[in-house]
Amino acid sequence: MSVWLRACLCALFFAVSLQLSAAPGAVVQLQVDGVIGPANADYLVRGLSKAIDEGAQLVVIEMDTPGGLDSSMRSIIKAILASPVPVATYVTPGGARAASAGTYILYASHVAAMTPGTNLGAATPVAIGMPGAADKPQAGNEPSEERQTPSDPMVAKQVNDAAAYIRGLANLHGRNAEWAERAVREAVSLSAEEAKAQSVIDYLADDLPELLRQLDGNTLQVAGRPVTLSTTDAPLLSHAPDWRTRLLAVITNPSVALVLMMIGIYGLIFEFTSPGSGVGGVIGGISLIIALYALQLLPVSYAGVVLILLGIAFMVAEAFLPSFGVLGIGGVASFILGALILIDTDVPGFGIPLALIVTLALVSAGMILAILGMALKARRRQQVAGDSGLVGSLTAIQAVQPDNPITGWVVLQGERWQVTAAAPLQPGQQVRVTERQGLRLRVSAVDEVPHDGGG
């Protein structure tokens, strides 16, 4: 019995250890390094949910970002504001920044902190459309009437909406709302020291342990209730981006999505034109589905998608229609224009390089020219089936009808044919087909009968 008792105690101890390993009251560390997009939004939202399940007392988001997509930023902010666990956004290491979308996330967090040598700001919403399609507020530190009142009505609506949004976030946590609005309307920026002096952020800390020491004992209002932090000796749990986040970051890269779409379309075209192997259909189908999934997460211009599909259709039609290059040239032009306007934003990190667009267009044109060349070669090749393939072909007499020596049988195109000639035939004799007469062939001798009488 004592053995069983010890086993039960060990099991209980193990279960308690597992519970402790979940670290209730722990500080969860998340990291954002790069453009704010669907992958980072998914990672942070799932990270906050996991921290709640683990019973964490604080989530620290270490951030270094040049900005990102508005939709992804708002998803992150919604998760932060709804979280029952306080969130501290910490701009680190030295030289990092929380520009554009990062500034909004910093303002939305319960705690805003920075490392000396970092900066934030330049939160003006980027104009939507092709580069240069609309006037953008210019960056600067001094107010100007032109920067405060954009000439384009759509840009003005975006700026006013963004200004109201960040001012509401600033008022929510008692931070400098006037500077926040200037960051939107005038694209101004601040260093970490200036941000602390102007009450834009709450803390300056050289590293995470120092930040946790400064936060220890502070009481925060989270979801309408006070939360007192005890972070000096709290265990630290770091949740790095997993394979899902890394995969999502790759496929939601606009350049990768465009390449996958091209592979998918041409894979399906190959499968439809040469059915049987299934390779083109499988690879093309998977690539196209992944590309469509990525594009629905990105700010896509549907006009761009239509132009790309139209361009591909024109280039494929060039291989089958005698347009003398008109369809092919139009297809290349349509593809390039569609790829240029495919991503409906000028946010850095979400553009498609012009070199990639031109390369894909040239590769597509090259493939169509290759298909056209093979079609022309096939058209010039002598027909080897049907009546045209029979007339003029050489063969040997397989047998002769005993009672009618001018009639015999040959094998052509895998079929047995009855033949007739003007002169008597002999087995093994080489003949040439001169005419088809219904189910019979007319032949004439081309050489002497072999000495052995065989073929």
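Modeller: Contact, or touching, is taken to mean heavy atoms within 4.5 Å. This is a predicted model, in which local features need pLDDT of at least 70 and side-chain atom pairs count only at pLDDT 80 or more, while totals for chains, interfaces and linings use all residues. Residues are numbered from 1 along each chain as its sequence is written, and side-chain values use heavy atoms, with hydrogens and water left out.

Colleague: Which residues does Glu210 touch, not counting those up to four places away in sequence?

Modeller: Glu210 lies in helix α9, residues 208-215, where helices (H or I, at least four residues) and strands (E, at least two) are DSSP runs numbered from the N terminus. Leaving aside residues up to four places away in sequence, Glu210 touches Leu204 and Ala205.

Colleague: Is Glu210 buried, exposed or partly exposed?

Modeller: Buried means under 20% relative accessible area and exposed means over 50%, with partly exposed in between (1.4 Å probe, protein chains only). The relative accessible area of Glu210 is 23%, so Glu210 is partly exposed.

Colleague: How many residues are between β9 and β10 in their hairpin?

Modeller: Strands β9 (residues 219-222) and β10 (residues 225-228) run antiparallel and are joined by four bridges; two strands pair if DSSP finds at least two bridges between them. Val222 has Arg225 in β10 as its bridge partner. The turn holds Ala223, whose phi is positive at about 55°, and the number of residues between the strands of this hairpin is two.

Colleague: Which residues form the uncovered face of β9?

Modeller: Strand β9 has two faces, and the covered one carries Leu220 and Val222. The uncovered face is formed by Thr219 and Gln221.

Colleague: Are α13 and α14 roughly parallel or antiparallel to each other?

Modeller: Axes are lines fitted to C-alpha atoms, for helices over the stretch in contact, and angles run from 0 to 180 degrees between N-to-C directions. Helix α13 (residues 302-318) packs against helix α14 (residues 326-340) at an angle of about 160°, with the axes 7 Å apart. Angles under 35 degrees count as roughly parallel, over 145 as roughly antiparallel, 65 to 115 as roughly perpendicular and the rest as oblique. The two helices, α13 and α14, are therefore roughly antiparallel.

Colleague: How many nonpolar, polar and charged residues has the contact of α3 with α4?

Modeller: The axes of helix α3 (residues 70-82) and helix α4 (residues 101-108) come within 10 Å and cross at roughly 10°, which makes α3 roughly parallel to α4. On the α3 side the contact is made by Met73, Ile76, Ile77, Ile80 and Leu81, and on the α4 side by Ala101, Tyr104, Ile105 and Ala108. Ala, Val, Leu, Ile, Met, Phe, Trp, Tyr, Cys and Pro count as nonpolar, Asp, Glu, Lys and Arg as charged, and the others, Gly among them, as polar. By class, then, this contact of α3 with α4 has no polar residues, no charged residues and nine nonpolar ones.

Colleague: Which are the edge strands of the open sheet of six strands?

Modeller: This open sheet has the order β12-β16-β17-β15-β14-β13, with mixed pairing. An edge strand here pairs on one side only, and the two that do so are β12 (394-396) and β13 (399-400).

Colleague: Which residue in β14 stands opposite Val400?

Modeller: Strand β14 covers residues 407-412 and pairs with β13 in the antiparallel sense over two bridges. Within β14, the residue opposite Val400 is Gly408.
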